[in-house]
Amino acid sequence: MHGEYKVPGGKLVVADVEVTDGLLRRPRVSGDFFMEPDEALEAINTALDGLPAGLEAKEIGARVQAGLPAGTVMLGVTAEAVGIAVRRAITHASDWRDHEWRLIHEPPQEPALHMALDQVLAEEVGAGRRPPTLRVWEWASPAIIIGSFQSLRNEVDAEEAERYGVEVVRRISGGGAMFVEPGNTITYSLYAPGSLVAGMSFAESYAFLDDWVLGALAELGIRAWYQPLNDITSDEGKIAGAAQKRLAGGAVLHHVTMSYDIDAAKMLRVLRIGREKVSDKGIASAAKRVDPLRRQTGLPREQIIDRMIAHFRSRYGLVADGLTDEELRLADKYVADKFTTPEWTARVP
């Protein structure tokens, strides 16, 4: 069994292992990482040999760490990353390039339709009717998007939202509220089979699925990193927030909203939680907490998106695609039956 794991911001770890009578046998770990002394690699293999195959990655990593020679130095890899690579081998995880990725980048669409498309496309990938897909969103109108488990009245100032013409919608993933306006954010979704994140915990998969974004930002001159659980940040401030949903059909929905620009004053009026977080610091501090890509790059939003797409394509491959008639029909049905109904939007009042 063969498993690979690219450490976010680090190096590739490869694990080849057999399982006999429920135990790991003949493990061989390799990769492009750095390690001293040389004997540490054989110590890792020795620590893995004979371990129960059902151990989780963190426990495997703990056993590996305990087996390392005193003074071992590891660069670009950790003991837990070895555990993840082993778990991915055991669970027959797939790699990014095992799939033919499709790109959907449609003209601006209304907020409720975006929510519906996330569910439809994830379900289609889970059912095997659509290949894994990267979708870049374009917004037709301003919106507040609240997480699946958030309280509507606790998060949103309904009167201010109505005054500014901001639609409130609820997504199917967890996480916090977002305020978006056309042209002010870069939002994308990944729809992937569960095999891509096999062997990983939720927390580990967040960073894994967005490692390509860190590479794209680096090409734009931004030193960014993943801040657990679900933020992408830089020296200048938070750039993006991620959310994720595992569907019963086996698909993973992972979406991210990045701040290209921000109207901090309006955000504080329509979002209660944002107001509370910065009430003692003022609007200038609110803008600093979420640092816009426009200021950090000086580039038009469209150029940043094009370069992000090009980076994804260079790493994993990407074929231009579009929504099918059936996907749009299903999405329209979800809009009417779910995403515009009070029962869904206010399901947590």
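Close-up A. The side chains of Asp 337 and Lys 333 meet in a salt bridge with an N to O distance of 2.7 Å, a salt bridge being a side-chain nitrogen of Lys or Arg within 4 Å of a carboxyl oxygen of Asp or Glu. Both residues lie in helix α14 (residues 325-339), four residues apart, about one turn of the helix; helices (H or I, at least four residues) and strands (E, at least two) are DSSP runs numbered from the N terminus. Lys 333 is partly exposed, because its relative accessible area is 46%, where buried means under 20%, exposed over 50% and partly exposed in between (1.4 Å probe, protein chains only). The model is predicted, so that local features need pLDDT of at least 70 and side-chain atom pairs count only at pLDDT 80 or more, whereas totals for chains, interfaces and linings use all residues. Residues are numbered from 1 along each chain as its sequence is written, and side-chain values use heavy atoms, with hydrogens and water left out.

**Close-up B. Salt bridges elsewhere in the model.** By the rule given above, the count comes to 21 salt bridges. One of them joins Glu 181 to Lys 266, with the closest N and O atoms 2.7 Å apart. This pair links distant parts of the chain, 85 residues apart, since Glu 181 is in the loop between β10 (178-180) and β11 (185-193) and Lys 266 is in helix α9 (residues 264-270). Glu 181 counts as buried at 14% relative accessibility, and Lys 266 is buried with a relative accessible area of 16%. Salt bridges also link Glu 100, Arg 102, Arg 130, Asp 321 and Glu 327 in a network.

**Close-up C. Aromatic pairs.** A search of the whole structure finds 11 aromatic pairs, in which rings of Phe, Tyr and Trp (its six-membered ring) have centres within 6.5 Å, with planes under 30 degrees apart counted as stacked, over 60 as edge-to-face and the rest as tilted. Trp 137 and Trp 139 form a tilted pair, 5.3 Å centre to centre and with 45° between the planes, and both are buried. The pair of Phe 339 and Trp 344 is edge-to-face, because the ring planes stand at 80°, with the centres 5.7 Å apart.

**Close-up D. Charges over rings.** Lys 338 lies over the face of Trp 344, at 4.3 Å from the ring centre, the criterion being NZ of Lys or CZ of Arg within 6 Å of the ring centre and within 35 degrees of the ring normal. Arg 246 lies over the face of Phe 202, at 4.1 Å from the ring centre.
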